[in-house]
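Please look at the sequence and the structure together, and keep both in view while reading the report that follows.

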Amino acid sequence: QRSNLWPGAFAAAKGADFANIYVGWGLKDTPFTPLPPPPVAVEYDMGAMESTELPPKPEREEPPAEDEEEPED
């Protein structure tokens with residue numbers, strides 16, 4: 001026997017013995033209607049993102065002089 005509701009489902013019987021098998025995607029035989037795509041996202045404001053200004057350089061720490069001792073915590 002073949003199922004009209006679940007394509008890919010089959011059943012066979014002989015006397016008291018029977019077997020069922022299903023091979024498929026788990027979808028009933030119904031028309032497939034995909035969901036519409038989500039709305040288009042608003043473009044990011046590139047004016048706020050692009051800049052010709054360079055970021056500030058980090059300040060360099062001077063190494064301690066050899067005659068100075070480092071403070072202990």
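How many residues lie between β1 and β2 in the hairpin?

## The hairpin

In this predicted model, β1 and β2 form a hairpin with 2 residues between them, and glycine 15, which sits in the turn, has a positive phi of about 65°. The two strands run antiparallel and are joined by 6 bridges, and within this pairing alanine 9 stands opposite tyrosine 22 of β2.

Strand β2 covers residues 17-22, and because 0 of its 6 residues are buried, the strand lies largely in the open.

## A nonpolar patch

Tyr22 also belongs to a nonpolar patch on the surface, which it forms with Leu5 and Trp6, and together these residues have about 270 Å² of accessible area. Tryptophan 6 is found in the segment before β1, the strand of residues 9-14, and it counts as partly exposed because its relative accessibility is 31%, a value between the 20% and 50% cut-offs.

## The chain as a whole

Along the sequence the protein chain follows the pattern β-β-α, with 1 helix and 2 strands. Of its 73 residues, 3% count as buried, while the chain exposes about 8,400 Å², of which carbon and sulfur atoms supply 57%. Among contacts between residues at least 6 apart in sequence, 7% join residues at least 24 apart.

## Confidence in the model

The mean pLDDT of the protein chain is 78, and 77% of its residues reach 70 or more. Confidence is highest in β2, at a mean of 90, and lowest in helix α1, residues 46-49, at a mean of 66.

Note on methods. Residues are numbered from 1 along each chain as its sequence is written. This is a predicted model: local features need pLDDT of at least 70, side-chain atom pairs count only at pLDDT 80 or more; totals for chains, interfaces and linings use all residues. Side-chain values use heavy atoms; hydrogens and water are left out. Patches are made of residues with over 30% relative accessible area and no salt bridge: like charges are joined within 9 Å, nonpolar side chains (Val, Leu, Ile, Met, Phe, Trp, Tyr) within 5 Å. Accessible areas come from the Shrake-Rupley method with a 1.4 Å probe; for residues, only the protein chains shown count as cover. A salt bridge is a side-chain nitrogen of Lys or Arg within 4 Å of a carboxyl oxygen of Asp or Glu. Helices (H or I, at least four residues) and strands (E, at least two) are DSSP runs, numbered from the N terminus. Buried means under 20% relative accessible area, exposed over 50%, partly exposed in between (1.4 Å probe, protein chains only). Two strands pair if DSSP finds at least two bridges between them. pLDDT is the predictor's confidence in each residue, from 0 to 100. Contact means heavy atoms within 4.5 Å.
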